[in-house]
Amino acid sequence: MSKSKSFLASISAFLLSVFASPASAEYALNLPEPVAPLTAQMYDLHMLTTKIATIIMVIVIGLVTYAILRFRKSKGFEADQNFHKSAFGTWSWILVPVIVLGIDLTIAGSAIDALNQVEDYSQKNDVTVKVIGSQWKWTYEYMEDDVRVVSNMLSKEEAGEHYLRAVDNPLVLPVGKRIRFLHTASDVLHAWWVPEIVYKKDSIPGYINETWTIIEKEGTYRGQCAENCGTGHAFMPIVVEAVSQDKYDAWMTEKKSAMQVAAAEASSDKTWTLEELMTRGEQVYNTNCVACHQANGEGVPGAFPALKGGPIATGPVEGHIDMVMNGSSKNPVMAAWAGALNDLELAALITYERNAWGNNTGDVIQPSDIKSVRK
Ligand code: HEC
Ligand SMILES: [Cu+2]
(Lines give C-alpha, C1' and ligand atoms only; values in the text may rest on other atoms or scores of the structure.)
(Ligands and ions follow the chains in the order given, each with its own letter.)
Protein backbone atom coordinates (compact mmCIF):
# COMPACT_ATOMS: atom_id res chain seq x y z
CA MET A 1 0.00 0.00 0.00
CA SER A 2 1.32 3.46 -0.87
CA LYS A 3 2.02 5.98 1.84
CA SER A 4 -0.96 8.17 1.00
CA LYS A 5 -3.28 5.18 0.81
CA SER A 6 -2.29 3.94 4.25
CA PHE A 7 -2.75 7.48 5.57
CA LEU A 8 -6.27 7.58 4.14
CA ALA A 9 -6.97 4.13 5.57
CA SER A 10 -5.92 5.20 9.06
CA ILE A 11 -8.04 8.36 8.86
CA SER A 12 -11.13 6.44 7.81
CA ALA A 13 -10.48 3.85 10.51
CA PHE A 14 -10.32 6.68 13.04
CA LEU A 15 -13.54 8.26 11.75
CA LEU A 16 -15.30 4.89 11.81
CA SER A 17 -14.22 4.28 15.37
CA VAL A 18 -15.49 7.73 16.40
CA PHE A 19 -18.89 7.40 14.77
CA ALA A 20 -19.43 3.74 15.58
CA SER A 21 -18.56 4.06 19.27
CA PRO A 22 -21.39 4.22 21.85
CA ALA A 23 -20.32 7.77 22.63
CA SER A 24 -21.08 8.89 19.08
CA ALA A 25 -24.25 10.59 20.24
CA GLU A 26 -21.95 13.07 21.99
CA TYR A 27 -20.20 13.96 18.74
CA ALA A 28 -22.06 16.51 16.74
CA LEU A 29 -21.03 18.82 13.95
CA ASN A 30 -22.74 21.89 15.31
CA LEU A 31 -22.77 23.59 18.71
CA PRO A 32 -25.18 22.15 21.31
CA GLU A 33 -28.79 23.44 21.30
CA PRO A 34 -29.05 26.57 23.46
CA VAL A 35 -31.64 26.64 26.28
CA ALA A 36 -31.37 30.29 27.38
CA PRO A 37 -32.38 33.53 25.59
CA LEU A 38 -28.86 34.91 25.36
CA THR A 39 -27.17 31.68 24.31
CA ALA A 40 -29.93 31.27 21.69
CA GLN A 41 -29.04 34.70 20.33
CA MET A 42 -25.37 33.72 20.25
CA TYR A 43 -26.23 30.49 18.50
CA ASP A 44 -28.13 32.46 15.82
CA LEU A 45 -25.12 34.73 15.38
CA HIS A 46 -22.92 31.70 14.93
CA MET A 47 -25.33 30.33 12.31
CA LEU A 48 -25.44 33.67 10.47
CA THR A 49 -21.63 33.93 10.40
CA THR A 50 -21.27 30.32 9.33
CA LYS A 51 -23.76 30.77 6.48
CA ILE A 52 -22.05 33.94 5.22
CA ALA A 53 -18.63 32.30 5.51
CA THR A 54 -19.86 29.23 3.62
CA ILE A 55 -21.29 31.33 0.77
CA ILE A 56 -18.04 33.34 0.50
CA MET A 57 -16.01 30.13 0.56
CA VAL A 58 -18.05 28.56 -2.25
CA ILE A 59 -17.80 31.70 -4.41
CA VAL A 60 -14.05 32.18 -3.84
CA ILE A 61 -13.13 28.52 -4.34
CA GLY A 62 -15.37 28.41 -7.44
CA LEU A 63 -13.72 31.48 -8.96
CA VAL A 64 -10.21 30.31 -8.17
CA THR A 65 -10.89 26.83 -9.56
CA TYR A 66 -12.44 28.29 -12.69
CA ALA A 67 -9.49 30.67 -13.20
CA ILE A 68 -6.89 27.96 -12.63
CA LEU A 69 -8.53 25.63 -15.14
CA ARG A 70 -9.71 28.15 -17.73
CA PHE A 71 -6.67 30.44 -17.91
CA ARG A 72 -3.85 27.97 -17.39
CA LYS A 73 -0.44 28.63 -18.91
CA SER A 74 -0.39 25.30 -20.75
CA LYS A 75 -3.29 26.60 -22.80
CA GLY A 76 -1.19 29.58 -23.80
CA PHE A 77 -2.78 32.22 -21.56
CA GLU A 78 -0.59 35.12 -20.45
CA ALA A 79 -1.25 37.42 -17.49
CA ASP A 80 -3.08 40.61 -18.50
CA GLN A 81 -0.65 43.46 -17.77
CA ASN A 82 -3.32 46.15 -18.25
CA PHE A 83 -6.12 44.79 -16.05
CA HIS A 84 -5.72 47.56 -13.47
CA LYS A 85 -6.30 50.19 -16.16
CA SER A 86 -9.79 48.94 -17.01
CA ALA A 87 -12.81 50.37 -15.21
CA PHE A 88 -13.40 47.08 -13.35
CA GLY A 89 -9.71 46.83 -12.50
CA THR A 90 -9.81 50.33 -11.01
CA TRP A 91 -13.06 50.11 -9.06
CA SER A 92 -12.78 46.56 -7.73
CA TRP A 93 -10.12 47.78 -5.26
CA ILE A 94 -12.81 49.93 -3.70
CA LEU A 95 -15.69 47.56 -4.27
CA VAL A 96 -14.22 44.52 -2.52
CA PRO A 97 -13.45 46.27 0.82
CA VAL A 98 -16.88 47.94 0.72
CA ILE A 99 -18.56 44.55 0.35
CA VAL A 100 -16.39 43.08 3.11
CA LEU A 101 -17.20 45.98 5.42
CA GLY A 102 -20.88 45.61 4.58
CA ILE A 103 -20.78 41.96 5.59
CA ASP A 104 -18.88 42.76 8.78
CA LEU A 105 -21.38 45.44 9.74
CA THR A 106 -24.28 43.06 9.08
CA ILE A 107 -22.78 40.63 11.60
CA ALA A 108 -21.78 43.37 14.05
CA GLY A 109 -25.26 44.91 13.85
CA SER A 110 -26.85 41.64 14.98
CA ALA A 111 -24.15 41.14 17.63
CA ILE A 112 -24.48 44.52 19.31
CA ASP A 113 -27.72 43.62 21.09
CA ALA A 114 -26.24 40.38 22.43
CA LEU A 115 -23.14 42.24 23.63
CA ASN A 116 -25.27 44.84 25.39
CA GLN A 117 -27.15 42.09 27.17
CA VAL A 118 -23.92 40.37 28.22
CA GLU A 119 -22.96 43.53 30.08
CA ASP A 120 -26.44 44.30 31.41
CA TYR A 121 -26.15 44.28 35.20
CA SER A 122 -29.21 46.44 35.82
CA GLN A 123 -31.78 43.68 36.25
CA LYS A 124 -32.82 42.00 39.47
CA ASN A 125 -31.43 38.49 39.90
CA ASP A 126 -33.33 35.67 41.58
CA VAL A 127 -30.31 33.51 42.38
CA THR A 128 -26.65 34.48 42.70
CA VAL A 129 -24.01 31.77 42.59
CA LYS A 130 -20.35 32.45 43.23
CA VAL A 131 -18.39 30.00 41.09
CA ILE A 132 -14.86 29.38 42.33
CA GLY A 133 -12.40 27.49 40.15
CA SER A 134 -9.46 25.77 41.80
CA GLN A 135 -7.01 23.05 40.87
CA TRP A 136 -9.03 20.87 40.09
CA LYS A 137 -12.60 21.26 41.16
CA TRP A 138 -15.45 23.80 41.25
CA THR A 139 -16.98 25.28 44.38
CA TYR A 140 -20.43 26.86 44.23
CA GLU A 141 -21.64 29.32 46.85
CA TYR A 142 -25.34 30.19 46.79
CA MET A 143 -25.02 33.76 48.03
CA GLU A 144 -28.62 34.29 49.20
CA ASP A 145 -28.85 30.96 51.02
CA ASP A 146 -25.35 30.67 52.42
CA VAL A 147 -25.01 27.18 50.96
CA ARG A 148 -21.74 25.83 49.64
CA VAL A 149 -21.35 22.91 47.23
CA VAL A 150 -18.02 21.35 46.25
CA SER A 151 -18.08 19.60 42.90
CA ASN A 152 -15.48 16.96 42.03
CA MET A 153 -15.10 14.73 39.01
CA LEU A 154 -16.30 11.15 39.43
CA SER A 155 -13.89 8.27 38.90
CA LYS A 156 -14.15 6.04 35.83
CA GLU A 157 -15.99 3.34 37.79
CA GLU A 158 -18.54 5.76 39.28
CA ALA A 159 -19.11 7.79 36.11
CA GLY A 160 -19.53 5.01 33.56
CA GLU A 161 -20.33 6.34 30.10
CA HIS A 162 -20.09 9.96 31.29
CA TYR A 163 -16.50 9.61 32.49
CA LEU A 164 -14.74 13.03 32.36
CA ARG A 165 -18.16 14.74 32.18
CA ALA A 166 -19.71 13.63 35.49
CA VAL A 167 -19.37 15.06 39.02
CA ASP A 168 -20.36 14.05 42.55
CA ASN A 169 -22.32 17.23 43.38
CA PRO A 170 -23.85 19.07 40.42
CA LEU A 171 -24.87 22.72 40.50
CA VAL A 172 -28.66 22.70 40.99
CA LEU A 173 -30.53 25.69 39.54
CA PRO A 174 -34.20 26.62 39.01
CA VAL A 175 -35.56 27.11 35.48
CA GLY A 176 -37.23 30.34 34.41
CA LYS A 177 -35.33 32.47 36.94
CA ARG A 178 -32.64 35.05 36.30
CA ILE A 179 -29.41 33.59 37.63
CA ARG A 180 -26.23 35.57 38.17
CA PHE A 181 -22.83 33.88 38.24
CA LEU A 182 -19.87 35.54 39.91
CA HIS A 183 -16.69 33.97 38.58
CA THR A 184 -13.42 33.83 40.45
CA ALA A 185 -10.53 31.43 41.12
CA SER A 186 -8.43 30.51 44.12
CA ASP A 187 -5.13 29.71 42.40
CA VAL A 188 -4.71 30.11 38.62
CA LEU A 189 -6.95 31.07 35.70
CA HIS A 190 -9.93 28.79 34.99
CA ALA A 191 -13.08 29.31 32.92
CA TRP A 192 -16.50 27.93 33.77
CA TRP A 193 -18.10 26.93 30.51
CA VAL A 194 -21.54 25.37 29.92
CA PRO A 195 -22.40 26.43 26.36
CA GLU A 196 -26.12 25.53 26.44
CA ILE A 197 -26.94 27.87 29.28
CA VAL A 198 -24.38 30.64 29.53
CA TYR A 199 -21.54 32.40 27.74
CA LYS A 200 -18.04 32.25 29.12
CA LYS A 201 -15.81 34.63 31.04
CA ASP A 202 -12.51 33.84 32.73
CA SER A 203 -12.24 32.94 36.41
CA ILE A 204 -9.40 35.11 37.70
CA PRO A 205 -7.84 34.94 41.20
CA GLY A 206 -8.60 38.10 43.17
CA TYR A 207 -11.04 39.40 40.57
CA ILE A 208 -14.75 38.86 39.93
CA ASN A 209 -16.36 38.45 36.51
CA GLU A 210 -20.11 38.42 36.11
CA THR A 211 -22.38 36.48 33.73
CA TRP A 212 -26.11 35.75 33.81
CA THR A 213 -28.69 33.41 32.33
CA ILE A 214 -32.31 32.29 32.41
CA ILE A 215 -32.49 28.54 31.83
CA GLU A 216 -35.63 27.74 29.86
CA LYS A 217 -35.68 23.96 29.95
CA GLU A 218 -35.20 21.39 32.71
CA GLY A 219 -32.34 19.01 32.12
CA THR A 220 -28.72 18.11 32.75
CA TYR A 221 -26.17 20.37 31.09
CA ARG A 222 -22.50 19.46 30.97
CA GLY A 223 -19.46 21.61 30.49
CA GLN A 224 -15.80 21.84 31.32
CA CYS A 225 -13.00 24.16 32.34
CA ALA A 226 -12.06 26.19 29.28
CA GLU A 227 -8.79 27.77 30.38
CA ASN A 228 -5.69 25.61 30.54
CA CYS A 229 -5.05 25.50 34.28
CA GLY A 230 -2.45 22.77 34.74
CA THR A 231 -2.11 19.02 34.55
CA GLY A 232 -5.62 18.41 35.93
CA HIS A 233 -7.31 20.78 33.47
CA ALA A 234 -9.20 17.92 31.81
CA PHE A 235 -10.45 16.65 35.17
CA MET A 236 -12.71 19.45 36.37
CA PRO A 237 -15.97 18.91 34.48
CA ILE A 238 -19.14 20.87 35.20
CA VAL A 239 -22.66 19.50 35.59
CA VAL A 240 -25.70 21.76 35.94
CA GLU A 241 -29.05 20.23 36.96
CA ALA A 242 -31.83 22.59 35.92
CA VAL A 243 -35.05 21.78 37.80
CA SER A 244 -38.46 23.32 38.50
CA GLN A 245 -38.72 25.95 41.25
CA ASP A 246 -40.49 23.43 43.52
CA LYS A 247 -37.76 20.85 43.18
CA TYR A 248 -35.14 23.54 43.65
CA ASP A 249 -36.77 24.77 46.86
CA ALA A 250 -36.98 21.20 48.19
CA TRP A 251 -33.33 20.60 47.33
CA MET A 252 -32.28 23.84 48.99
CA THR A 253 -34.25 23.09 52.18
CA GLU A 254 -32.67 19.66 52.41
CA LYS A 255 -29.20 21.07 51.79
CA LYS A 256 -29.66 23.72 54.46
CA SER A 257 -30.87 21.31 57.11
CA ALA A 258 -28.00 18.95 56.34
CA MET A 259 -25.61 21.88 56.81
CA GLN A 260 -27.30 22.85 60.09
CA VAL A 261 -26.99 19.30 61.38
CA ALA A 262 -23.32 19.31 60.37
CA ALA A 263 -22.72 22.66 62.07
CA ALA A 264 -24.47 21.52 65.26
CA GLU A 265 -22.41 18.33 65.28
CA ALA A 266 -19.20 20.24 64.73
CA SER A 267 -19.81 22.61 67.62
CA SER A 268 -20.98 19.94 70.09
CA ASP A 269 -18.56 18.84 72.77
CA LYS A 270 -18.86 15.21 71.82
CA THR A 271 -15.71 13.10 71.87
CA TRP A 272 -15.41 11.16 68.65
CA THR A 273 -13.97 7.69 68.18
CA LEU A 274 -11.18 6.89 65.76
CA GLU A 275 -13.59 4.95 63.51
CA GLU A 276 -16.10 7.79 63.33
CA LEU A 277 -13.40 10.30 62.48
CA MET A 278 -11.85 7.99 59.87
CA THR A 279 -15.18 7.58 58.03
CA ARG A 280 -15.84 11.30 57.99
CA GLY A 281 -12.24 12.17 57.29
CA GLU A 282 -12.19 9.99 54.21
CA GLN A 283 -15.23 11.86 52.83
CA VAL A 284 -13.69 15.25 53.51
CA TYR A 285 -10.40 14.12 51.99
CA ASN A 286 -12.07 12.78 48.86
CA THR A 287 -13.93 16.04 48.38
CA ASN A 288 -11.11 18.49 49.00
CA CYS A 289 -7.66 16.95 48.82
CA VAL A 290 -7.82 14.00 46.43
CA ALA A 291 -7.18 16.02 43.26
CA CYS A 292 -3.61 16.72 44.35
CA HIS A 293 -2.63 14.17 47.00
CA GLN A 294 -4.52 11.28 45.29
CA ALA A 295 -6.84 8.68 46.80
CA ASN A 296 -3.93 6.40 47.69
CA GLY A 297 -2.17 9.26 49.50
CA GLU A 298 0.86 8.93 47.28
CA GLY A 299 0.53 12.35 45.65
CA VAL A 300 2.12 13.12 42.29
CA PRO A 301 5.92 12.92 42.37
CA GLY A 302 7.47 16.30 41.63
CA ALA A 303 4.22 18.22 42.09
CA PHE A 304 2.27 17.11 45.16
CA PRO A 305 3.94 15.40 48.11
CA ALA A 306 2.86 11.97 49.33
CA LEU A 307 0.96 12.00 52.60
CA LYS A 308 1.49 8.25 52.93
CA GLY A 309 4.53 8.05 55.21
CA GLY A 310 5.09 11.80 54.71
CA PRO A 311 7.19 13.77 57.24
CA ILE A 312 4.29 16.04 58.21
CA ALA A 313 1.44 13.54 58.10
CA THR A 314 3.40 11.18 60.37
CA GLY A 315 5.35 13.88 62.26
CA PRO A 316 4.26 16.05 65.20
CA VAL A 317 0.47 16.67 65.31
CA GLU A 318 0.89 20.45 65.74
CA GLY A 319 2.82 20.78 62.49
CA HIS A 320 0.20 18.76 60.62
CA ILE A 321 -2.68 20.83 62.00
CA ASP A 322 -0.79 24.01 61.13
CA MET A 323 -0.12 22.90 57.52
CA VAL A 324 -3.75 22.01 56.86
CA MET A 325 -5.30 25.02 58.61
CA ASN A 326 -2.87 27.70 57.45
CA GLY A 327 -1.46 26.25 54.26
CA SER A 328 2.18 26.05 53.24
CA SER A 329 4.42 29.08 53.77
CA LYS A 330 6.68 27.85 50.95
CA ASN A 331 4.16 26.87 48.29
CA PRO A 332 0.83 28.71 47.88
CA VAL A 333 -0.59 25.75 45.92
CA MET A 334 -1.19 24.11 49.31
CA ALA A 335 -3.97 26.43 50.46
CA ALA A 336 -5.15 27.32 53.98
CA TRP A 337 -8.25 25.26 54.81
CA ALA A 338 -9.20 26.84 58.16
CA GLY A 339 -11.85 29.05 56.53
CA ALA A 340 -13.40 26.43 54.26
CA LEU A 341 -13.78 23.54 56.73
CA ASN A 342 -15.32 23.39 60.20
CA ASP A 343 -13.65 22.03 63.35
CA LEU A 344 -15.12 18.56 62.96
CA GLU A 345 -14.15 18.31 59.30
CA LEU A 346 -10.59 19.41 60.05
CA ALA A 347 -10.27 17.03 63.02
CA ALA A 348 -11.64 14.12 60.97
CA LEU A 349 -9.41 14.98 58.01
CA ILE A 350 -6.21 15.14 60.01
CA THR A 351 -7.09 11.97 61.94
CA TYR A 352 -7.72 10.27 58.61
CA GLU A 353 -4.40 11.35 57.11
CA ARG A 354 -2.50 10.21 60.19
CA ASN A 355 -4.04 6.73 60.14
CA ALA A 356 -4.85 5.89 56.51
CA TRP A 357 -2.54 4.24 53.97
CA GLY A 358 -0.54 2.49 56.68
CA ASN A 359 0.38 5.75 58.46
CA ASN A 360 -1.19 4.16 61.59
CA THR A 361 0.05 6.77 64.05
CA GLY A 362 -2.96 6.01 66.27
CA ASP A 363 -3.44 9.77 66.84
CA VAL A 364 -7.05 10.91 67.31
CA ILE A 365 -7.69 14.62 66.81
CA GLN A 366 -10.90 16.01 68.34
CA PRO A 367 -12.84 19.09 67.14
CA SER A 368 -11.89 20.69 70.47
CA ASP A 369 -8.20 20.40 69.51
CA ILE A 370 -8.92 22.43 66.37
CA LYS A 371 -11.04 24.92 68.31
CA SER A 372 -8.19 25.67 70.69
CA VAL A 373 -5.81 26.27 67.77
CA ARG A 374 -8.29 28.66 66.13
CA LYS A 375 -8.09 30.96 69.17
C1 HEC B 1 -4.03 22.12 44.64
C2 HEC B 1 -3.30 21.02 45.13
C3 HEC B 1 -3.46 20.66 46.60
C4 HEC B 1 -4.63 20.40 47.29
C5 HEC B 1 -6.06 20.45 46.76
C6 HEC B 1 -4.24 20.05 48.61
N7 HEC B 1 -2.88 20.09 48.75
FE8 HEC B 1 -1.82 19.60 50.39
N9 HEC B 1 -0.10 20.08 49.45
C10 HEC B 1 0.00 20.55 48.16
C11 HEC B 1 1.37 20.92 47.90
C12 HEC B 1 1.92 21.48 46.59
C13 HEC B 1 2.10 20.67 49.09
C14 HEC B 1 3.57 20.93 49.36
C15 HEC B 1 3.69 22.23 50.13
C16 HEC B 1 5.13 22.62 50.44
O17 HEC B 1 6.01 22.22 49.68
O18 HEC B 1 5.32 23.31 51.45
C19 HEC B 1 1.14 20.11 50.02
C20 HEC B 1 1.47 19.69 51.30
C21 HEC B 1 0.59 19.10 52.18
C22 HEC B 1 0.97 18.51 53.44
C23 HEC B 1 2.38 18.36 53.96
C24 HEC B 1 2.96 17.14 53.29
C25 HEC B 1 4.40 16.87 53.68
O26 HEC B 1 4.65 15.87 54.35
O27 HEC B 1 5.24 17.70 53.30
C28 HEC B 1 -0.18 18.07 54.04
C29 HEC B 1 -0.32 17.35 55.37
C30 HEC B 1 -1.27 18.41 53.15
N31 HEC B 1 -0.77 19.03 52.04
C32 HEC B 1 -2.59 18.16 53.42
C33 HEC B 1 -3.64 18.51 52.57
C34 HEC B 1 -5.02 18.36 52.91
C35 HEC B 1 -5.56 17.81 54.21
C36 HEC B 1 -5.72 18.80 51.84
C37 HEC B 1 -7.23 18.87 51.68
C38 HEC B 1 -7.97 19.63 52.67
C39 HEC B 1 -4.78 19.24 50.84
N40 HEC B 1 -3.52 19.04 51.33
C41 HEC B 1 -5.14 19.71 49.61
C42 HEC B 1 -1.03 20.65 47.24
C43 HEC B 1 -2.37 20.47 47.55
CU1 LIG C 1 -9.42 24.85 35.30
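Modeller: We can go through the domains, the ligand and a few local details.

Colleague: Great, what should I keep in mind about the model and the numbering?
Modeller: It is a predicted model, where local features need pLDDT of at least 70, side-chain atom pairs count only at pLDDT 80 or more, and totals for chains, interfaces and linings use all residues. Residues are numbered from 1 along each chain as its sequence is written, chains are lettered from A and ligands numbered from 1 in the order in which they are written, and side-chain values use heavy atoms, with hydrogens and water left out.

Colleague: Which domains does the assignment give?
Modeller: It gives domain 1 (32-118), domain 2 (127-258) and domain 3 (268-374); the bounds come from an automatic or database domain assignment.

Colleague: How far apart are the C-alpha centres of domain 2 and domain 3?
Modeller: They lie 26 Å apart. Six residues from domain 2 and nine residues from domain 3 make the contact, meaning heavy atoms within 4.5 Å.

Colleague: And what area is buried between domain 2 and domain 3?
Modeller: About 590 Å², with 52% of that from carbon and sulfur atoms. Buried area is the accessible area (1.4 Å probe) that two parts lose on being put together, summed over both.

Colleague: How many salt bridges cross the interface of domain 2 and domain 3?
Modeller: The rule finds zero there; it asks for a side-chain nitrogen of Lys or Arg within 4 Å of a carboxyl oxygen of Asp or Glu.

Colleague: OK, how many salt bridges are there by this rule in total?
Modeller: The count comes to nine salt bridges. One pair to look at is E218 and K247, whose side chains meet at 3.6 Å, N to O. E218 sits in the loop between β8 (209-214) and β9 (219-225) and K247 in helix α5 (residues 245-267), so the pair ties together parts that are 29 residues apart in sequence. Helices (H or I, at least four residues) and strands (E, at least two) are DSSP runs, numbered from the N terminus.

Colleague: Switching to ligand 1, which residues are the closest?
Modeller: C289, C292, H293, S328 and M334 are the closest of the 23 residues that surround ligand 1, counting a residue if one of its heavy atoms lies within 4 Å.

Colleague: Which helix gives the most to that shell around ligand 1?
Modeller: That is α8, with three residues. Helices α7 (290-293), α8 (317-326) and α9 (343-355) each supply at least two residues.

Colleague: What are the N and O distances for H293 and S328?
Modeller: For H293, a side-chain N or O atom is 2.8 Å from a nitrogen atom of ligand 1. For S328, a side-chain N or O atom is 2.5 Å from an oxygen atom of ligand 1.

Colleague: Last one, which peptide bond is cis?
Modeller: The one from Q135 to W136, with omega near -5°. W136 is in the loop between β1 (127-134) and β2 (137-142).

Definitions and conventions:
A polar contact is a pair of N or O atoms within 3.5 Å; within protein, one must be able to donate a hydrogen and the other to accept it, and residues adjacent in sequence count only if both atoms are side-chain atoms.
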